Amino acid sequence: MARWLLMLVGVAVLGLAAGHAEEKKAMTGKVFELRTYYVHPGRMPALEKRFKDHTIGLLTKHGMKLVGFWKPADPKQADEVLVYLVEHSSREAADKAWADFRKDADWVAARDASEKDGKIVMKVDVQWWNATPYSAIK
């Protein structure tokens, strides 16, 4: 009986260690950042212009891979929300890229110029995602 219990505990410990290793690998490997911008009324054209003319190039300059941008299919919400997905080699790389981007003088100038008529974004939600082994995007 004690032998079975020891074996069971051993299997459980190995399973936890393997799970922990996978969790650690997921936290240090490639990550996807889903960013949702909630836009002040009437300011979507300014946000889209800023992305097209400045932000996309600056994000790319700082090593961020932009996977895609989306707006709601419902026309009532299309001018309220913008969502985009960024691929990073790791969470640490993402943190560094965002820190460098935020202090980039070209970004600060573009942001300030685009907001001369008022703030554009009222809220940003950020979620971090790991691709599944069976995902087409890994």
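## Briefing: helix pairing, salt bridges and surface

Helices α2 and α4 run roughly antiparallel to each other (angles under 35 degrees count as roughly parallel, over 145 as roughly antiparallel, 65 to 115 as roughly perpendicular and the rest as oblique). Please keep in mind that this is a predicted model, in which local features need pLDDT of at least 70 and side-chain atom pairs count only at pLDDT 80 or more, while totals for chains, interfaces and linings use all residues. Residues are numbered from 1 along each chain as its sequence is written, and side-chain values use heavy atoms, with hydrogens and water left out.

**Overall layout**

- The protein chain contains 4 helices and 4 strands; these are DSSP runs numbered from the N terminus, with helices (H or I) of at least four residues and strands (E) of at least two.
- Of the 138 residues in the protein chain, 29% are buried (buried means under 20% relative accessible area, exposed over 50%, and partly exposed in between, with a 1.4 Å probe and protein chains only).

**The α2 and α4 pair**

- Two packed helices are described by the angle between their axes and the distance between the axes.
- Helix α2 covers residues 44-61 and helix α4 covers residues 105-114; their axes come within 10 Å and cross at roughly 160 degrees.
- Here the axes are lines fitted to C-alpha atoms, for helices over the stretch in contact, and angles run from 0 to 180 degrees between N-to-C directions.
- The crossing of α2 past α4 is left-handed, meaning that the near helix is turned anticlockwise from the far one by less than a right angle, whereas clockwise would be right-handed.

**Salt bridges**

- The structure holds 15 salt bridges, each being a side-chain nitrogen of Lys or Arg within 4 Å of a carboxyl oxygen of Asp or Glu.
- Within helix α2, Asp53 and Lys49 sit 4 residues apart, about one turn of the helix, and their side chains form a salt bridge at 2.5 Å, N to O.
- Asp53 counts as partly exposed because its relative accessibility is 44%, while Lys49, at 52% relative accessible area, is exposed.
- Another salt bridge joins the side chains of Lys65 and Glu87 at 3.6 Å, N to O. Lys65 lies in strand β2 and Glu87 in strand β3 (residues 81-88), so this pair ties together parts that are 22 residues apart in sequence.
- Glu87 has a relative accessibility of 13%, so Glu87 counts as buried. Through salt bridges that share partners, Lys30, Lys65 and Glu87 are joined into one network.
- Lys116 and Asp117 also meet through their side chains in a salt bridge, at 3.9 Å, N to O, and both residues are exposed.

**A nonpolar surface patch**

- Val67, Trp70 and Ile137 form a nonpolar patch on the surface, with about 260 Å² of accessible area together; the areas come from the Shrake-Rupley method with a 1.4 Å probe, and for residues only the protein chains shown count as cover.
- Patches are made of residues with over 30% relative accessible area and no salt bridge, joining like charges within 9 Å and nonpolar side chains (Val, Leu, Ile, Met, Phe, Trp, Tyr) within 5 Å.
- Trp70 belongs to strand β2, which spans residues 65-70, and Trp70 counts as partly exposed because its relative accessibility is 45%.

**Contacts across the sequence**

- His54, a residue of helix α2, is partly exposed at 38% relative accessible area. The C-alpha atoms of His54 and Trp107 are separated by 7.4 Å, although the two residues are 53 residues apart along the chain.
- Tyr84 is found in strand β3 and is buried, with a relative accessible area of 1%. Tyr84 and Arg35 are 49 residues apart in sequence, yet 5.4 Å apart in space, C-alpha to C-alpha.
- Ala99 is part of helix α3, residues 91-102, and is partly exposed, with a relative accessible area of 36%.
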